[in-house]
Amino acid sequence: MTAAVTAEGLSAGYGGRPVLHDVSFAAAPGLTVCVLGPNGGGKTTLFRALMGELEPLAGRVALSDRPAYVAQTERTRLDFPVSAFDVALMGGLANGRWWLPPRRSDRTAARAALERVGLAAEGDTPFGELSGGQRQRALLARALVQDSAVLLLDEPLAGVDPASAQLIDAIFEQLREEGRTLLVSSHDVEGARGFDVVLCLNRRQVAFGPPAEALDRATIEATYGRELIVLEQPGAARAVTIQHHEHDHGKQ
Amino acid sequence: MSGIELRATLEIVLAGGFCGALGFWVLSERLAYAGESLSHGMLPGLVLAALAGAPLLLGAAGGAVAAAGLIALAARDPRVGPDTGTAVAVTGLVGLGSLLALAPDSPQRLEELLFGDPLGVGDGDLVAAGALVLAGGGALAALRRPLAATSFDPAGAGALGLRPGLVRLALLGLMAAAIAVAVEGLGALLVLAVLVGPPVAVRRHVRNPGAAMLAGAGVAAVAGVAGIQLSAQAGTAAGASVALVLCAAAGLGALLPARRLG
């Protein structure tokens with residue numbers, strides 16, 4: 001089966017300097033991939049390369065469809081005057097015709113997407129007045145309207161309330177069943193065990209494979225280094241990562 | 001109202017109205033500093049037009065295009081950052097403009113070029129303002145969705161197939177055109193007031209970009225007319241009076257409790 005997302009020997013970075021080296025993997029349609037790594041480990045850089053925003057410094061990437069992207073909510077403009085419905089409607093821009101008003105079918109798709117993410121009643125609410133979990137769901141609705149075979153989600157569960165997290169997880173499962181490929185960046189090592197495969201990055205590819213095989217203690221330590229605390233528990237070790245508030249995409 | 005005042009009012013309603021609508025995007029894309037730089041940076045073009053006896057609009061357009069290109073180029077260099085790149089570009093242009101304007105054989109029009117003269121508006125200026133409203137308004141209507149997606153979330157806009165860099169460049173082009181037309185009335189130093197005053201006045205009180213543009217255009221037109229009338233009644237400089245009323249509107253809008261209209 002042709003892979004939905006492929007990276008071969010990918011190096012990417014900023015100003016000619018790579019911050020991510022030698023990434024090679026292939027994700028089949030319908031696969032959920034958890035991209036694990038510390039801050040500055042190259043998760044966002046990988047996404048930017050997959051979106052075509054960054055030219056690879058070496059190697060190549062190939063995707064079966066233009067990916068839909070769900071940004072971290074703090075990278076959106078909370079003071080920009082748009083409603084949750086307006087945000088979902090932006091997904092229709094992927095169909096082209098950007099110079100014309102949205103079609104009725106775009107509006108219908110936006111309403112359906114909001115309903116799917118549980119925001120049908122919040123359509124008129126300004127985006128900046130939604131809770132963190134609701135904002136994340138509005139961005140997910142925009143990606144649903146885009147209707148892409150590949151979705152890139154940048155830490156979609158970070159700082160999200162439990163109800164929103166449960167809803168988002170359920171949508172991930174539906175999308176997987178629809179044959180869409182999901183790449184989800186995360187710091188949650190334990191949560192990664194629920195994905196089909198994990199891709200561990202720490203400025204290079206540390207591991208790629210099913211969580212049961214890839215997420216051994218050596219891999220987790222190589223991925224997180226000093227950001228990792230391993231809690232020894234009877235029967236199994238549990239990894240906890242410490243998050244610092246910095247992002248690799250801003251590095252020059 | 002005299003013919004001169006009527007022409008000045010028409011000019012300020014047309015060009016000011018467009019600038020007031022465009023200003024919402026200028027602020028959203030955080031281009032106020034670039035706008036100020038552009039208006040100052042077009043000084044060499046204005047001076048050259050005055051020296052050659054050509055229409056000021058021509059000089060403003062040439063100066064704006066040259067300044068916009070230079071600023072866009074300098075601001076894109078990640079090694080120095082957009083602020084520093086813009087500052088270097090505009091300082092060079094202002095220096096060049098001053099050099100030309102202060103030369104012994106230059107005409108005595110520097111004051112008009114810097115502070116504007118809405119009461120000196122001719123028929124050609126009114127035609128240019130009308131064309132700006134039609135062509136620029138059409139472009140703004142067409143670019144409304146890409147501008148909103150880009151301002152809200154540039155990375156997400158790129159994933160939607162838009163080119164945020166090109167959208168931003170188109171906005172810079174529109175801003176250059178607007179400044180080139182409006183500079184006749186408000187001058188290189190004061191023209192920014194009509195770009196940033198109205199959106200600051202309305203920004204906290206609107207629910208969507210369409211309402212922001214309409215309200216911004218309305219505030220610019222009303223403030224423009226009020227400024228011309230103030231100038232006529234108080235005998236003050238017309239351009240400066242309009243600029244001050246625009247800034248007062250901005251202050252009032254910023255101080256009033258937020259209401260969401262639209």
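Predicted model: local features only at pLDDT ≥ 70, side-chain atom pairs only at ≥ 80, totals over all residues.

User: Good to know. Which way do the residues of S6(A) point, and are they buried or exposed?

Analyst: A:Val150, A:Leu152 and A:Asp154 point one way from S6(A), A:Leu151 and A:Leu153 point the other way, and all are buried. In a regular strand the side chains alternate between the two faces of the sheet.

User: So what does that say about the strand as a whole?

Analyst: Strand S6 of chain A covers residues 150-154, and because five of the five are buried, the strand is largely enclosed by the rest of the structure.

User: And how much of chain A is buried?

Analyst: Buried residues make up 47% of the 252 residues in chain A.

User: Back to S6(A). How many bridges join it to S5(A)?

Analyst: Three bridges join S5(A) to S6(A), and these two strands run parallel. As one example, A:Ala68 has A:Leu151 in S6(A) as its bridge partner.

User: What about S7(A)?

Analyst: S6(A) is joined to strand S7 (residues 181-186) of chain A by five bridges, and this pair runs parallel. Here the bridge partner of A:Asp154 is A:Ser185 in S7(A).

User: What's the strand order in that sheet?

Analyst: It is an open sheet of six strands in chain A, in the order S5-S6-S7-S3-S8-S9, with mixed pairing. The edge strands are S5 and strand S9 (205-209) of chain A, and each of them pairs on one side only. On average, neighbouring strands of this sheet are turned by 15 degrees against each other, ignoring direction.

User: Which strands does H4(A) lie across?

Analyst: H4(A) lies across S5 and S6 of chain A and runs at about 180 degrees to S5(A). There is also helix H5 (residues 162-177) of chain A, which lies across strand S3 (32-36), S6 and S7 of chain A, at about 150 degrees to S7(A).

User: How many helices and strands does chain A come to?

Analyst: The secondary structure of chain A comes to eight helices and 11 strands. Looking at contacts in chain A with a separation of 6 or more, 69% are between residues 24 or more positions apart.

User: New topic: how many residues does each chain give to the contact between A and B?

Analyst: Chain A gives 25 residues and chain B gives 22. On the side of chain A that touches chain B, the elements giving two or more residues are strand S5 (68-70) and helix H4 (132-146) of chain A. That side of chain A has 14 nonpolar, five polar and six charged residues.

User: Now chain B. At what angle do H3(B) and H4(B) pack?

Analyst: Helix H3 (residues 43-52) and helix H4 (residues 56-75) of chain B pack at an angle of about 150 degrees, with their axes 7 Å apart. H3(B) and H4(B) are therefore roughly antiparallel to each other, since angles over 145 degrees count that way. The crossing of H3(B) past H4(B) is right-handed. Residues making the contact include B:Leu43 and B:Pro44 of H3(B) and B:Leu56 and B:Leu58 of H4(B). By class, the contact residues of H3(B) and H4(B) are 11 nonpolar, four polar and no charged.

User: And how do H1(B) and H10(B) cross?

Analyst: The axes of helix H1 (residues 3-28) and helix H10 (residues 192-202) of chain B come within 7 Å and cross at roughly 70 degrees. H1(B) and H10(B) are therefore roughly perpendicular to each other, and their crossing is right-handed.

Definitions and conventions. Residues numbered from 1 in each chain as written. Chains lettered and ligands numbered in written order. Axes fitted to C-alpha atoms, helices over the stretch in contact; angles between N-to-C directions. Helix = DSSP H or I, 4+ residues; strand = E, 2+ residues; numbered from the N terminus. Parallel < 35°, antiparallel > 145°, perpendicular 65-115°, else oblique. Left-handed = near helix turned anticlockwise from the far one by under 90°. Contact = placed C-beta atoms within 7 Å. Nonpolar A, V, L, I, M, F, W, Y, C, P; charged D, E, K, R; others polar. Buried ≥ 20, exposed ≤ 12 C-beta atoms within 10 Å, placed from the backbone. Pairing = 2+ DSSP bridges.
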